[in-house]
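Reader: I've just opened this one and would like a quick tour. Can you walk me through what the atoms say?

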Amino acid sequence: MIKFIQRFFDPSEKFDDESLIDLILELEDRVEYLEQENDSLSASLTELEDRLDQRIDRIQPVIYHINGGEKNV
């Protein structure tokens with residue numbers, strides 16, 4: 001049972017400190033790039049949503065009929 005558990009916690013590849021640091025730095029760069037892309041994508045989607053809302057409002061503007069005197073509201 002102990003060998004079974006150790007197999008999951010014992011890495012199959014042995015890394016030296018230098019290569020491990022390089023991998024960590026590469027991953028940090030990739031995460032930073034993906035965060036920037038995510039921010040850019042979010043901004044673009046927000047802009048697109050605003051444009052669509054404006055077009056929809058031009059086609060069919062929102063009209064509120066508030067007549068409290070005619071009905072018991």
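Predicted model: local features only at pLDDT ≥ 70, side-chain atom pairs only at ≥ 80, totals over all residues.

Reader: What share of the 73 residues of the protein chain counts as buried?

Author: A residue has to fall under 20% relative accessible area to count as buried. For the 73 residues of this protein chain, that share comes out at 0%.

Reader: And how much of the accessible surface belongs to carbon and sulfur atoms?

Author: The protein chain has an accessible surface of about 7,900 Å². The part belonging to carbon and sulfur atoms is 56%.

Reader: Which helix holds Glu18, and is Glu18 buried or exposed?

Author: Glu18 belongs to a negative surface patch, along with residues including Asp16, Asp17 and Asp22. Its helix is α2, which covers residues 17-59. The cut-off for exposed is over 50%, and Glu18 has a relative accessible area of 54%, so Glu18 is exposed.

Reader: Which residue forms a salt bridge with Glu47?

Author: Side chains of opposite charge can pair when their charged atoms come close. The structure holds 1 salt bridge. Its closest N and O atoms are 2.7 Å apart, and the partner of Glu47 is Arg51.

Reader: How far apart in helix α2 are Glu47 and Arg51, and how accessible is each one?

Author: Both lie in helix α2, 4 residues apart, which is about one turn of the helix. Arg51 is exposed, at a relative accessible area of 51%. Glu47 counts as partly exposed, because its relative accessibility is 42%.

Notes:
Residues numbered from 1 in each chain as written. Heavy atoms only, no water. Buried < 20%, exposed > 50% of the residue type's maximum accessible area, 1.4 Å probe, protein only. Areas by Shrake-Rupley, 256 points an atom, 1.4 Å probe, with all protein chains shown as cover. Patch = residues over 30% accessible without salt bridge, like charges linked within 9 Å, V, L, I, M, F, W, Y side chains within 5 Å. Salt bridge = Lys/Arg side-chain N within 4 Å of Asp/Glu carboxyl O. Lys, Arg positive; Asp, Glu negative; His and termini not counted. Charge placed at Lys NZ, Arg CZ, Asp CG, Glu CD. Helix = DSSP H or I, 4+ residues; strand = E, 2+ residues; numbered from the N terminus.
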